[in-house]
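The exercises below are worked from a single protein model.

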Amino acid sequence: MIKIGILGAAGYTGGELIRLLLNHPEAEIVFANSESNAGNLVSDVHEGLIGETDLRFTDEMPFDKVDVVFFCFGHGKSEAFLKEHNIPTNVKIIDLAQDFRIKGDHDYVYGLPEINKAEIQKAQHLANPGCFATCIQLALLPAAHLNLLKDDVAVNAITGSTGAGQKPGATTHFSWRNNNLSIYKPFQHQHIAEIRQSLKQIQGYLDADIDFIPYRGDFARGIFCTAVVKTPAPIEDIIDVYKEFYCDAAFTHYCDKAIDLKQVVNTNKALVHIEKYGNKLLITSCIDNLLKGAVGQAVQNMNLMFGIAETTGLHLKASAF
């Protein structure tokens, strides 16, 4: 059994991670850390787990008793935590924050299995990709492989309210979000840097801008993305490359028909579809922001890091009806 510790276990990602790991045949949760909830039943906070576990939150962090620890912190807290705490060198780390996603003076591997599987399998420390970044990259990576990203790429993507985290705020309040739509951080979203990093990794260079407009949706889960790339290439050739690019991917699938969000919600799947109008290639992609966009992909990466089947514990049914 893979022995697991979870930090920041009381939030949305912590709750979803616990849900997955409780049903993972090769995982054992040793501790779920939350200082503010220490002593409370996990199911008192994550009420969807009532009847599933008698696990309690703890303020302790027995790193010597685990094989891997998941950081379910807010952005910026992982790096600060590591400066104040010593984690044994034999303990693997999977960080769900953005602190180590950009290559630099650290040994964290960027955890997008569709392009970095070999590196993930050898990784001791892993930076899990962002939710928008995952959805947008999976839309564009085959186009980068074809060297199509020569002009600026227009990207629009809408996310559910869980993407903003569990702490209530002005833009997550039900009466504001319900029957409403808004944009935020246009052209300046923090995930653009990691998107560019991966596209450059595949294409070899990236001079074009990724003009990304994020939207807040009036639903809880999921991300739906559209991207427009200008190219004279025949769509039949592009489709062949998309299918080939993802032919061995465990969870990313090219679809011949138009896709919709309910096909992926509650799963670790990513779906991609393309159409062409004149010289404009329209790419659509969708994921569940909490699963393939966060903890589902983190468990997928854990499986790879420990040498077990990539899909273990992740056979989930979509909430299609």
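This is a predicted model: local features need pLDDT of at least 70, side-chain atom pairs count only at pLDDT 80 or more; totals for chains, interfaces and linings use all residues.

**Exercise 1. A polar side chain in a loop**

Is Asn268 buried or exposed?

Solution. 

Step 1. Locate the residue. Asn268 sits in the loop between strand S11 (252–254) and S12.

Step 2. Apply the cut-off. Buried means under 20% relative accessible area; Asn268 has 0% and therefore counts as buried.

Step 3. A polar atom of the Asn268 side chain lies 3.2 Å from the backbone nitrogen of Lys292. For the backbone nitrogen of Gln297, the distance to a polar atom of that side chain is 3.1 Å.

**Exercise 2. The largest nonpolar core**

Which residues of the largest nonpolar core touch the most other members? Identify the elements and domains that supply this core.

Solution. 

Step 1. The core has 43 residues, and Leu140, Leu149, Val155, Leu199 and Ile283 touch the most other members.

Step 2. Assign elements. Two or more residues come from each of helix H5 (131–145), strand S7 (153–159), helix H7 (192–203), strand S9 (210–216), strand S10 (223–230), helix H8 (235–245), strand S12 (270–277) and strand S13 (280–287). The most come from H5, which gives eleven residues.

Step 3. Assign domains. At least three residues of this core come from each of domain 1 (2–128 + 294–306) and domain 2 (131–287).

Step 4. Inspect one member. Leaving aside neighbours within four places in sequence, Leu140 contacts Leu149, Val153, Val155, Leu199, Ile210, Ala227, Val229, Tyr242 and Ile283.

Step 5. Check for another core. There is a second, separate core of 36 residues, and among its members are Leu21, Leu55, Ile94 and Val109.

Step 6. In soluble globular proteins, nonpolar side chains tend to be buried together.

**Exercise 3. A leucine in H5**

Which residues does Leu141 touch, not counting residues up to four places away in sequence? State its burial as well.

Solution. 

Step 1. Leu141 belongs to helix H5. Its relative accessible area is 0%, so Leu141 is buried.

Step 2. The contacts of Leu141 are Leu112, Ile115, Ser198, Leu199, Ile202, Phe245 and Tyr246.

Step 3. For the pair Leu141 and Ile115, the separation is 26 residues in sequence and 8.8 Å in space, C-alpha to C-alpha.

**Exercise 4. The domain interface**

How many residues of domain 1 are in contact with domain 2? Describe the interface by area, polar pairs and contributing elements.

Solution. 

Step 1. Count the contacts. 19 residues of domain 1 are in contact with 26 residues of domain 2, while the domain centres, taken over C-alpha atoms, are 25 Å apart.

Step 2. Take the area. The two domains bury about 1800 Å² between them, 47% of it on carbon and sulfur atoms. On the domain 1 side, Tyr12, Glu114 and Ile115 lose the most area to domain 2, together 32% of what that side buries.

Step 3. Count the polar pairs. Two salt bridges are found across the interface of domain 1 and domain 2, and twelve residue pairs there are in polar contact.

Step 4. Name the elements. On the side of domain 1 that touches domain 2, helix H1 (12–22), helix H4 (113–122) and helix H9 (291–305) give two or more residues. H4 has the largest share of that side, four residues.

Methods: Residues are numbered from 1 along each chain as its sequence is written. Side-chain values use heavy atoms; hydrogens and water are left out. A nonpolar core is a set of buried Ala, Val, Leu, Ile, Met, Phe, Trp, Tyr and Cys residues joined through side-chain atoms within 4.5 Å. Buried means under 20% relative accessible area, exposed over 50%, partly exposed in between (1.4 Å probe, protein chains only). Domain bounds come from an automatic or database domain assignment. Contact means heavy atoms within 4.5 Å. Buried area is the accessible area (1.4 Å probe) that two parts lose on being put together, summed over both. A salt bridge is a side-chain nitrogen of Lys or Arg within 4 Å of a carboxyl oxygen of Asp or Glu. A polar contact is a pair of N or O atoms within 3.5 Å; within protein, one must be able to donate a hydrogen and the other to accept it, and residues adjacent in sequence count only if both atoms are side-chain atoms.
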